[in-house]
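I opened a notebook on this structure. These are my entries, in the order in which I looked things up.

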Amino acid sequence: MRIVFLGPPGAGKGTQAQMLAEHLSIPHISTGEMLRAAVQGGSELGQRVKSYLDSGELVPDEVIIDVIEARLTEADCSHGFLLDGFPRTEPQAAALSAMLKRLSMDLTHVVELEVPEDELIERIRNRGAQGSGRSDDTVEVAKKRLEVYRAQTEPVTTYYETHGGVSKVDGVGDIDQVRQRVLTAVEAK
Ligand code: AMP
């Protein structure tokens with residue numbers, strides 16, 4: 001299976017994406033995690049992207065597209081993958097379509113986790129208070145990340161609605177309830 005997992009910051013996307021990838025035995029590819037690791041490791045990529053991560057802005061499309069292209073051509077992706085946090089803009093979605101076409105692959109599922117906005121801010125606030133260790137888990141940066149999501153990432157949903165369809169999953173509830181809904185949505189397709 002080749003899955004794109006969409007959802008606003010704070011929706012629990014990372015947790016659900018990881019559980020689903022484990023369940024399906026496919027690599028969980030989180031661009032946020034890859035970028036945070038690059039920042040922590042102090043690599044050239046890390047130095048380039050740190051200020052974007054700290055402020056809640058998106059890193060430039062060409063930077064992340066190169067990162068994903070290198071990752072998707074690794075051997076463990078040949079039997080499927082789950083993308084978490086990519087694509088984040090319409091040009092990234094178009095680049096992914098072109099990339100998959102070159103690799104003679106197709107997406108099998110696009111899943112979107114839906115959570116109302118006031119609940120998202122509250123969840124990010126709690127995550128920050130519990131010491132998530134993420135420099136962007138503050139209310140101020142959370143608001144910025146939501147703003148960026150609305151402006152730049154919501155069009156990705158529209159893109160997929162016209163390119164194969166999106167399975168929308170209610171993300172309100174406890175982790176297990178949401179996990180069941182995600183599995184049902186994936187198995188239904
Ligand atoms: P995440 O862990 O998915 O919330 O990502 C954390 C941060 O990494 C984002 O706020 C962006 O600065 C950056 N980032 C992650 N994925 C992307 C992407 N596909 N395009 C641009 N920036 C990204």
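For secondary structure I took DSSP runs, with helices as H or I of at least four residues and strands as E of at least two, numbered from the N terminus. This is a predicted model, in which local features need pLDDT of at least 70 and side-chain atom pairs count only at pLDDT 80 or more, while totals for chains, interfaces and linings use all residues. Residues are numbered from 1 along each chain as its sequence is written, and side-chain values use heavy atoms, with hydrogens and water left out.

Entry 1, the backbone. I looked up Ser 25 and found it in the loop between helix 1 (13–24) and strand 2 (28–30). Phi of Ser 25 is near 55°, which is a positive value in a residue other than glycine. I then went to Pro 87, in the loop between strand 3 (81–84) and helix 5 (90–102). The peptide bond from Phe 86 to Pro 87 is cis, and its omega is near -5°.

I noted 8 helices and 5 strands in the protein. Read from the N terminus, the order of elements is β-α-β-α-α-α-β-α-β-α-α-β-α. The C-alpha trace spans about 40 × 40 × 30 Å along its principal axes. I checked the radius of gyration, taken over C-alpha atoms, against the globule rule of 2.2 Å times the number of residues to the power 0.38. The protein has 16 Å, which agrees with the value near 16 Å for a compact globule because the chain has 189 residues.

Which residues are closest to the ligand? Of the 17 residues that surround the ligand, the closest are Thr 31, Arg 36, Glu 57, Gly 85 and Gln 92. I counted a residue as near if one of its heavy atoms lies within 4 Å. By class, the shell holds 7 nonpolar, 4 polar and 6 charged residues, with Gly counted as polar. Helix 2 (31–41) and helix 3 (44–55) each supply at least two residues of this shell, and helix 2 gives the most, with 4 residues.

I looked for pairs of N or O atoms within 3.5 Å. The side chain of Thr 31 has an N or O atom 2.8 Å from a nitrogen atom of the ligand. For Glu 57, a backbone N or O atom lies 2.6 Å from an oxygen atom of the ligand. For Val 59, a backbone N or O atom lies 3.1 Å from a nitrogen atom of the ligand. The protein covers 96% of the 480 Å² of accessible area that the ligand has on its own, by the Shrake-Rupley method with a 1.4 Å probe.

Definitions and conventions. Polar contact = N/O pair within 3.5 Å; in protein donor to acceptor, adjacent residues only side chain to side chain.
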